[in-house]
Amino acid sequence: MHRNISRSNRRVRQSRKRRKKKIQLFLNFLMLVCIWIVIFCIGVLKERENETDTDAKSFISSIEYAANESTVFNNEQKSFDNESESIDKVSDDFDNGWNLTLVNKWHPLPEKLEIETVELSNGECVDKRIYPYLQKMFDDARAEGIYPIVRSGYRTRTEQEDIYNDRIQGYQADGMSAEEAKTETELWVAVPGTSEHELGLAVDINADKVHSEGAQVYAWLENHAHLYGFINRYPPDKTEITGVANEPWHYRYVGVEAASEIHERGICLEEYLENDGN
Ligand SMILES: [Zn+2]
């Protein structure tokens, strides 16, 4: 009996020991799990930090990009400003309106000049804007038995240069010195870059020589051209002001209003622009 008791006591002790061990193992396991969880959490947190960093970085770089973009935009704006400056510069020459642009030996053509021309039936060209007035003037002249033709309209720079050089060579062939030939030429032909023909607003008008003679055409134009916006650009008594000898065939479009006043007052374009405080 006694033996039995001590045996059962031993068993109880053994089972207690085993339980303790189990608990210990479980606690160890629990600790490991806790450590794992902590390590895992730290890992996740670090990853998140990196992500935030990257996000922040890409945000910053997008700001930088935007800044660069705005630099590009500013540059574009600047170049646009420059462009509009040069447009302003050009339009200085058009202050009086495109139809009153002054071109003579002292006022060369504006550098940036875009001309839209229209071709007449004989191949000559004029600025598109003056075409309707020119057509009406010719129609009305014909209705009165006067038959004008456009002998010369718009000229490119090269065409003006050819005319200028040919005239000089012609005078030299007639025995003039180079200097004399140049002086004589410039009485009749504008130095390239200073011709109203390069502006597209001037026309040399002659008679068709079939139904009309030159003098008839010039006389009709003298009395009627202003009604269509054209002026006799180089009157005989204004040579000193215009810098060009009398050319009764050279008509210049300035618009009906200006042409009428110029005609009425017997002045030239230079005087008209000066008197207007322009
Ligand atoms: Zn002319």
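Which residues are exposed on the other side of H7? Hold that thought for a moment. What we have here is a predicted model, where local features need pLDDT of at least 70, side-chain atom pairs count only at pLDDT 80 or more, and totals for chains, interfaces and linings use all residues. Residues are numbered from 1 along each chain as its sequence is written, and side-chain values use heavy atoms, leaving out hydrogens and water.

Okay, helix H7 covers residues 256–265, and its buried residues are Ala 258, Ala 259 and Ile 262. Seen down the axis, those buried residues fall within an arc of 100°, so they line one face of the helix. That arc is taken from the directions from the helix axis to the C-beta atoms. And our answer: Glu 257 and Glu 264 are exposed on the other side of H7. Buried here means under 20% relative accessible area and exposed over 50%, with partly exposed in between, using a 1.4 Å probe and protein chains only. Helices (H or I, at least four residues) and strands (E, at least two) are DSSP runs, numbered from the N terminus.

So what do the buried residues of H7 pack against? They pack against E5 and helix H8, residues 269–275, where contact means heavy atoms within 4.5 Å. After H7 comes Gly 266, with a positive phi near 65°.

Now, that E5 belongs to an open sheet of four strands, in the order E3-E4-E6-E5, with antiparallel pairing. Two strands pair if DSSP finds at least two bridges between them. E3 (148–152) and E5 (230–232) are the edge strands, each pairing on one side only. E3 and E4, residues 202–207, pair over four bridges, and Val 150 stands opposite Ile 205 in E4.
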